[in-house]
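Please examine the structure below before reading on.

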Amino acid sequence: MADGDTLELRVGPVAKPLGDITVRMLGYNGSIPGTILKVAEGTEVAVHVENHGDLDTTVHWHGLRLENRYDGVPHETQAPIPVGGEFSYRIQFPDPGLYWYHPHIREDYTQELGLYGNILVLPADPDYWPPADRDLILTLDDILIEDGKVAPFSPTETSYAAMGRFGNRLLVAGDPDLRLTFRAGEVVRLWLTNTANTRVFNVALPGARMKLVGGDSGRVEYEEFVEQVLLAPSERIVVHVVVESPGELALEHHTPNRSYRLAAITVTEGAPSTAATEFGQLRRAPELEAERAQLDRWLAGAPDKFLTHVAQMDDPTAMSEAAGPVTYACPMHPDVTSAEPGRCPKCGMKLLAVSEPTATTDDDHAGMAHSGMDHSGMDHRGMDHGAAQGIEWEDDMVEVNRQTNSATTHWRFLDRTTGVDNPAIDWRFTVGDRVKIRLINEMASDHPMHHPFHLHGAGRFLVLARDGVTEPNLVWKDTVLVRTGESVDILLDVTNPGLWMAHCHIAEHMQSGMMFSFNVARR
């Protein structure tokens, strides 16, 4: 799109083939993912949205530092677009990189059903990125299929509120069986976006050389060779890959327990390209080196804000238990039981009431049987919850998670400076401020779990440190994964006035209360 162009964006139902079944989903302009916008840094375009979907909607332009009135937050920056209604946005693109768009009403439903699309902002500097032969933009997602249909949703409450709605079919660029072709010796630039409700992806390409070149909002401080890259929900990663010989490879998702195939790749004959001859060079970003040079005072200084992540969870099983003796057990570690309420010594999870000591059976994970993925050899039972790199890689308490909803599970941000939580948080900044924020993912929670913390377009931030260890490779970000029990310091560069949101980007956590808004004044 050129500066001043207008995109027509239509929300509507899609009949989506998923292997041997076809399901009803939602899409932008009839496809999943939606239309990819390719624009130049510094331009502005209009997007005219028509809503022919199921619900009121908005479009949030994730990661873009744009005018507040076009941020897509219902009732704060705009009135929701009713079914049959329309709205026009004006979108600016001040920063190169990969961004995406999605609704901000019932994300647990609309995003799961396919309402997401990418935005590629091309840099004004032609040498900003290292050379590549071609670009490949891939969304990483999953969807929960049961009995040949998308698993049902509650029209009134968000379900799967404890852990989020894990899918049992992986979708890459909307495809459950994506097949790609590379040429030996060419450099492919992979633009990856995690659009899943809750799943963290750990992406590898065995048999290829992979180089990390960028993240959420542009290039990294220094390029480095990597074996894999981690993306929490809503994060983006940019990598260059090159395969030297013809053959068959697979893009994979690796967890501590196993691997999943994301896409099959056929590598045909070829010779090293000009880009490939420069692949071994590891370039540095001077603008981020300049930021590094002035970080010592921020690293040494006290945080301006302390924000903790906690959950309060009513026992979803207590009301259904028969009268009589009650035992309390951990849904994550069924071998942990107690005669009294308490917490699991292994993971910190709140013990839930059961009428007798529990034993997990294969039926507890029957939802996985409908998967188009191969889960053979995968055992969800007895996983060391909270210790597998501080990430919940799978739904390890399927039936309990299914019963939790936004009425019984309350995810909260707590401002440790003032002692208030969620809607009562009253952060006020001014354009030009730099603010050090400490994000603390407390173990003293009814359900300790990782959280991808996302800040809307008030600015962008650098990750300073994790558990006191300085972040080794800077990149401008809008989302950071805060693992279970972890403390993360970020430095927010405040650039845009208005009322802005901050929230967990696990859709079910946000819908269950893990969000608040803050004000930025003009200087």
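The lining of the largest pocket contains 11 nonpolar, 6 polar and 8 charged residues; here Ala, Val, Leu, Ile, Met, Phe, Trp, Tyr, Cys and Pro count as nonpolar, Asp, Glu, Lys and Arg as charged, and the others, Gly among them, as polar. The model is predicted: local features need pLDDT of at least 70, side-chain atom pairs count only at pLDDT 80 or more, and totals for chains, interfaces and linings use all residues. Residues are numbered from 1 along each chain as its sequence is written, and side-chain values use heavy atoms, with hydrogens and water left out.

The space in the largest pocket is about 650 Å³. Of its 25 lining residues, Leu212, Leu230, Ile237, Arg466 and Glu471 are the closest to its centre.

Where is Asn405 placed? Asn405 belongs to the loop between α5 (398-403) and β26 (409-415). The side chain of Asn405 reaches the backbone nitrogen of Ala407 at 2.8 Å. Leaving aside residues up to four places away in sequence, Asn405 touches Glu157, Thr158, Ser159 and Ala161, where a contact means heavy atoms within 4.5 Å.

Across the chain, there are 6 helices and 36 strands, a helix being a DSSP run of H or I of at least four residues.

Notes:
Helix = DSSP H or I, 4+ residues; strand = E, 2+ residues; numbered from the N terminus. 1 Å grid on protein atoms, 1.4 Å probe; cavity = no way out; pocket = protein on both sides within 12 Å on 5 of 7 lines; lining within 4 Å. Points joined across faces, edges and corners; volume = space filled by probe spheres on them. Polar contact = N/O pair within 3.5 Å; in protein donor to acceptor, adjacent residues only side chain to side chain.
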